[in-house]
Amino acid sequence: MAYPGYGGYGGQMPGMPAQGIPHQGMPGGPMGGPMGGPMPGHMGGPMGGAPPQGGYSAYGGGFPATYGAPAPAANDPMWGYFTAIAGQDGEVDAEELQRCLTQSGFSGSYTPFSLDTCRIMIAMLDRDFTGKMGFNEFKELFTALNGWKQNFMMFDQDRSGTVEHHEMSQALNAMGYRVSPQALNAIIKRYNKGGRIFFDDYVACCVKLRTLTDNFRRRDTMQQGSVTFQYDDFILCTMSI
């Protein structure tokens, strides 16, 4: 049973081209490669393709890379991008992710991502609570970021780098989220600056919506729209993001 808040954050926004990481002269190594086009493989397309039955996009496995081991996808150009920024442990932390997104120019003319937003991006996919992400999570993140950027650009028609209250409502609806006016008002108050929502805050909002919805969905095994949380489980679900 589908119900408000269980939106699909999956489909490519109509009329929007796929977005890869724009090439801005990433220093050294494989990151200096052609990054202006769509992401290799599924990275440049819709956010994981059409959502499965029930309106959810896949939230699949993703296991941290093992440093020094053979590349998990030797022919995947994303592996080169990942290894250029990953630490000696073969994983990416928030500071490394922020540096990657800033130097690659992913935000374009929009506000660069803050360290806090990079932290919650990693937390969204950090299933072992290490504060870092491996190669598969890195790819999954960029799939989500590409879709969210397309959605944002669709409603930021004046290219101001911001969306207004009513545009944010439309953006959430376009992603399949159905929230009450009260919930929407709370979201706007949380993420707006001077009555407008900047790209960085918009992505932070999308990360939290996706993560909390996933956490809720996994516990709502009957899809009835209600779950029972133990206190510690509730704190884990909300404070980790």
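What pattern does the chain follow when read along the sequence? In this predicted model, the order of elements is α-α-α-α-β-α-α-β-α-α. The secondary structure amounts to 8 helices and 2 strands. The chain has 241 residues, of which 46% are buried. Among contacts with a separation of 6 or more, 71% are between residues 24 or more positions apart.

The largest nonpolar core contains 51 residues, and the members that touch the most others are L145, W148 and Y202. Two or more residues are given to this core by each of α1 (77–85), α2 (94–104), α3 (115–125), α4 (135–155), α5 (165–174), α6 (181–191) and α7 (199–219). Helix α4 provides the largest share, 10 residues. Apart from neighbours within four places in sequence, L145 is in contact with L101, F106, F113, M121 and V203.

Helix α4 consists of 21 residues and spans 31 Å from its first C-alpha to its last, which is close to the 30 Å expected at 1.5 Å a residue. Of these 21 residues, 19 are buried, so α4 is largely enclosed by the rest of the structure. A UniProt annotation from an unreviewed entry, "domain: EF-hand", covers residues 143–178. In the model, the chain over residues 143–178 is 64% helix and 6% strand, with its end C-alpha atoms 22 Å apart.

L97 is placed in helix α2. Its relative accessibility is 0%, under the 20% limit, and L97 therefore counts as buried. When neighbours within four places in sequence are left aside, the contacts of L97 are V92, C118, M121, I122, M133 and L141. The C-alpha atom of L97 lies 8.6 Å from that of A86, a residue 11 positions away along the chain.

Aromatic pairs in the structure number 15. In one of them, F138 and F142, the ring centres are 4.9 Å apart and the planes meet at 70°; the pair is edge-to-face because this angle is over 60 degrees. F138 and F142 are 4 residues apart in helix α4, and therefore about one helical turn separates them. F138 has a relative accessibility of 0% and counts as buried. F142 is likewise buried, with a relative accessible area of 0%.

The rings of F216 and F229 form a tilted pair, with centres 6.4 Å apart and planes at 50°. This pair links distant parts of the chain, since F216 belongs to helix α7 and F229 to the loop between α7 and α8 (231–239), 13 residues apart. F216 counts as partly exposed at 22% relative accessibility, and F229 counts as partly exposed at 27%.

Ring pairs also join a set of aromatic residues into a cluster, made up of W79, F82, F106, Y110, F113, F135, F138, F142, F152, F199 and Y202. Y202, one of the residues in this cluster, is also one of those that touch the most other members of the largest nonpolar core.

Note on methods
Residues numbered from 1 in each chain as written. Predicted model: local features only at pLDDT ≥ 70, side-chain atom pairs only at ≥ 80, totals over all residues. Heavy atoms only, no water. Core = buried A, V, L, I, M, F, W, Y, C linked by side-chain atoms within 4.5 Å. Buried < 20%, exposed > 50% of the residue type's maximum accessible area, 1.4 Å probe, protein only. Contact = heavy atoms within 4.5 Å. Expected span 1.5 Å × (residues − 1). UniProt positions renumbered as here; feature names shortened; annotations may be inferred. Phe/Tyr/Trp six-rings, centres within 6.5 Å; stacked < 30°, edge-to-face > 60°.
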